[in-house]
Amino acid sequence: MIPHHAAAILMGKEASVTDPEIKELIENIITSQQAEIEQMKAKLKELDK
């Protein structure tokens, strides 16, 4: 799932969008995907213990 979320972040950052609503949506997606990646990484660290 981490690569899937990372791809969403990359696509959002690379999108050439001018519509303010879509830009805000992309920013929200990037923020939420980054948070979810951090959650998944933390869970993986717990499982490695």
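Contact here means heavy atoms within 4.5 Å. With that in hand, on to the model itself. This is a predicted model, in which local features need pLDDT of at least 70 and side-chain atom pairs count only at pLDDT 80 or more, while totals for chains, interfaces and linings use all residues. Residues are numbered from 1 along each chain as its sequence is written, and side-chain values use heavy atoms, with hydrogens and water left out.

The overall picture comes first. The protein chain's secondary structure amounts to two helices and zero strands; helices (H or I, at least four residues) and strands (E, at least two) are DSSP runs, numbered from the N terminus. The C-alpha trace of the protein chain spans about 45 × 15 × 10 Å along its principal axes. Of the 49 residues in the protein chain, 14% are buried. As for the term, buried means under 20% relative accessible area, exposed means over 50%, and partly exposed is in between (1.4 Å probe, protein chains only).

Next comes the way the helices pack. Helix H1 covers residues 2-14 and helix H2 covers residues 20-48, and the pair packs at an angle of about 155° with axes 9 Å apart. Axes are lines fitted to C-alpha atoms, for helices over the stretch in contact, and angles run from 0 to 180 degrees between N-to-C directions. H1 and H2 are therefore roughly antiparallel to each other. On this scale, angles under 35 degrees count as roughly parallel, over 145 as roughly antiparallel, 65 to 115 as roughly perpendicular and the rest as oblique. The crossing of H1 past H2 is left-handed, a label used if the near helix is turned anticlockwise from the far one by less than a right angle (right-handed if clockwise).

Who actually meets whom? On the H1 side, the residues are Ile2, His5, Ala6, Ala8, Ile9, Gly12 and Lys13, and they meet Ile26, Ile30, Gln33, Gln34, Glu36, Ile37, Met40, Lys41 and Leu44 in H2. Sorted by type, the residues of this contact between H1 and H2 come to nine nonpolar, four polar and three charged. Ala, Val, Leu, Ile, Met, Phe, Trp, Tyr, Cys and Pro count as nonpolar, Asp, Glu, Lys and Arg as charged, and the others, Gly among them, as polar.

His5 counts as buried because its relative accessibility is 6%. Setting aside neighbours within four places in sequence, His5 is in contact with Gln33, Glu36, Ile37 and Met40. The side chains of His5 and Glu36 are also joined by a polar contact of 2.7 Å (a pair of N or O atoms within 3.5 Å; within protein, one must be able to donate a hydrogen and the other to accept it, and residues adjacent in sequence count only if both atoms are side-chain atoms). Over in helix H2 sits Gln33, which counts as buried at 13% relative accessibility. Again leaving out neighbours within four places in sequence, Gln33 is in contact with His5, Ala8 and Ile9.

His4 also lies in helix H1, but His4 is exposed, at 53% relative accessible area. His4 and Val17 are 13 residues apart in sequence and 21 Å apart in space, C-alpha to C-alpha. Val17 itself belongs to the loop between H1 and H2 and is partly exposed, with a relative accessible area of 22%. Not counting residues up to four places away in sequence, Val17 touches Ile22, Lys23 and Ile26. Finally, Leu47 lies in helix H2 and is exposed, with a relative accessible area of 59%.
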